[in-house]
Amino acid sequence: MRVEQLRGSWVEVVHEVHVAVVDSTGGLVARTGDPELVTFWRSAAKPFQALPLVEDGAAARFGLTSEELALACASHSSEPDQVARVRELLGKIGCSERDLLCGPHPPLSDRVAQDYQTRGLRLTAVYSNCSGKHAGMLALARHHGWPTEFYTRLEHPVQQRCLAEVSRWTEVGVGDIRTGVDGCGVVCYGLPLRNMALAYAKLGRDAGSEMRDASVANASRIPHPASRIVEGMLRHPDLIAGEGRPCTEIMRAHPGRVIAKVGAEGVYCALLTQERLGIALKVADGHAVASALAMAAVLEELGLRPRPAGLTARPNVNTRGETVGELRVKGGLEQ
């Protein structure tokens, strides 16, 4: 599989795509390119960084809603409602924007960015697309009594807890996960695409299961912590990204069927909830639009039809508004 940029009828640029499709046992169901390619998971790791909130009891202690858990998994567009909800989450845990260690940046939505620029809005850390994740990490620190200062550093208990969680779901040893600093300042994880896909497949499997609560008489059954993360993401696709963004559009087009989560530098992951298949892809040169088109094509090939409008191909438009070519997906998966 590749994504081609055409100018006229000529292929001008080729974006190579690597994909792993994995079931919850670790079996490789389909692939293209190198499914063992090691790359940084970036923001597609967010659901697994959010899981300790539920598992450790922070979500219950602070009364976190499904919307707030969705925001902890989100790469949001800095829309006013999204920003307001992050502020509410911070208030619940006794923190403020001053505690956030993610830097501000222009909204990922061009429409929102233009609106804020026109109004002269001063962007602060809460407008970062990762502010929900950072607020969740602060909640975890508050719950455990860990310091909130320097919570982004690898040696901080919050980051060590998240690293251990990523290791558990991906089945890659802590010592074998390559670590770096993400765009928002926290730790990011380098590991094979196949293991990223496995984590998403296991998330789907466990979301529908229960755990035994030995602390309660007669060993009652309780929902698996994964169910709250999956429920939050499925119920609130508008918070996972935003209006006009591919994650939101894919999830809205197939309600309850799919979780789609963008990373950065051409990384994209997804969960097919009914099939319990995890998908991880990387566009080799990091082209973001190409990764969204490739993910939509992969999902269609795996049975999610039709693709959302705007994700079948992308017009190549010049400065005069003329369509002079297109960006399109070529090829498919190998079963």
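So, how many residues does helix H7 have, and how far does H7 reach from its first C-alpha to its last? Helix H7 covers residues 157–170, which makes 14 residues, and the reach is 20 Å, close to the 20 Å expected at 1.5 Å a residue. Keep in mind that we're looking at a predicted model.

Let's stay with H7 for a moment. It's mostly covered, with 10 of the 14 residues buried. Among those buried residues are Val158, Cys162, Leu163, Val166 and Trp169, and you'll also find Arg161 and Glu165 in the list. What do they pack against?

H9 takes us to His224, which sits in the loop between strand S8 (221–223) and H9. Is His224 buried or exposed? His224 is buried, because its relative accessible area is 10%, under the 20% cut-off. Its side chain reaches the backbone nitrogen of Ala226 at 3.0 Å.

Okay, on to the strands. S2, residues 10–23, has several antiparallel partners. With S1 (residues 2–7), S2 is joined by six bridges, and Arg7 is partnered with Trp10 there. That hairpin has two residues between the strands, and Gly8 takes a positive phi near 65°. S2 also pairs with S3 (residues 28–32) over four bridges, where Ala20 stands opposite Arg31. In this hairpin, with four residues between the strands, Gly26 has a positive phi near 100°. And then there's S11, residues 277–283, pairing with S2 over seven bridges; Val22 stands opposite Gly278.

Note on methods
Residues numbered from 1 in each chain as written. Predicted model: local features only at pLDDT ≥ 70, side-chain atom pairs only at ≥ 80, totals over all residues. Heavy atoms only, no water. Expected span 1.5 Å × (residues − 1). Buried < 20%, exposed > 50% of the residue type's maximum accessible area, 1.4 Å probe, protein only. Polar contact = N/O pair within 3.5 Å; in protein donor to acceptor, adjacent residues only side chain to side chain. Pairing = 2+ DSSP bridges.
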